[in-house]
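Here are some friendly notes to read alongside the model. Take the points in order, and keep the 3D view open as you go.

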Amino acid sequence: MTDQHDPLDDLASAHLDGETTADESARIAADPGLAARVARLARARAALRMPDPPIDPVRRDQAIAAALTAFDATDDPA
């Protein structure tokens, strides 16, 4: 696997964490592409912080029953 790390992602993340210098913040403000990267990362962070929707108890019970049935159907003696 190849590592395709982009140091601009670190800069964008640091900016959102409030850890950029004045020069770095000015660079972000002056670069529309970099500012857009910061905005995309901010949206991703916000989405990840959203709570999960409530679980439907009927679907949950059906999923558990299906998993238990599949487990019982295995030939693994362990």
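1. Let us begin with a term. Each residue has a relative accessible area, found with a 1.4 Å probe and with protein chains only: under 20% is called buried, over 50% exposed, and anything in between partly exposed. Ala39, at 31%, is therefore partly exposed. Ala39 belongs to helix α3.

2. A word on where the values come from. This is a predicted model, in which local features need pLDDT of at least 70 and side-chain atom pairs count only at pLDDT 80 or more, while totals for chains, interfaces and linings use all residues. Residues are numbered from 1 along each chain as its sequence is written, and side-chain values use heavy atoms, with hydrogens and water left out.

3. Now the overall fold. The protein chain has four helices and zero strands, in the order α-α-α-α along the sequence. The chain is more spread out than a compact globule, because its radius of gyration is 22 Å, well over the 12 Å that the globule rule gives for 78 residues. Here the radius of gyration is taken over C-alpha atoms, and the globule rule is 2.2 Å times the number of residues to the power 0.38. The C-alpha atoms fill a box of roughly 60 × 35 × 20 Å along the principal axes. As for the helices, they are DSSP runs of H or I with at least four residues, strands are runs of E with at least two, and both are numbered from the N terminus.

4. How much of the protein chain is buried? Buried residues make up 10% of the 78 residues.

5. Next, look for the largest nonpolar core. It has five residues: Leu11, Ala12, Ile28, Leu34 and Val38. Helices α1 (7-16) and α3 are the elements that give two or more residues to this core. A nonpolar core is a set of buried Ala, Val, Leu, Ile, Met, Phe, Trp, Tyr and Cys residues joined through side-chain atoms within 4.5 Å.

6. Stay with Ile28 for a moment. Leaving out residues up to four places away in sequence, Ile28 touches Leu11, His15, Thr20, Leu34, Ala35 and Val38. Contact means heavy atoms within 4.5 Å.

7. Helix α3 (residues 32-49) also holds Arg45. Is Arg45 buried or exposed? Arg45 counts as buried, because its relative accessibility is 19%. Beyond its neighbours within four places in sequence, Arg45 is in contact with Ser13, Leu16 and Asp17.

8. Leu48 is found in helix α3 too. At 75% relative accessibility, Leu48 counts as exposed. Leu48 and Arg59 are eleven residues apart in sequence, with 23 Å between their C-alpha atoms.

9. Ala39 and Leu16 are 23 residues apart along the chain, and their C-alpha atoms are separated by 9.1 Å. Ala67, in helix α4 (residues 57-72), is 48 residues from Glu19 in sequence and 46 Å from Glu19 in space, C-alpha to C-alpha. Ala67 counts as partly exposed, at 45% relative accessibility.
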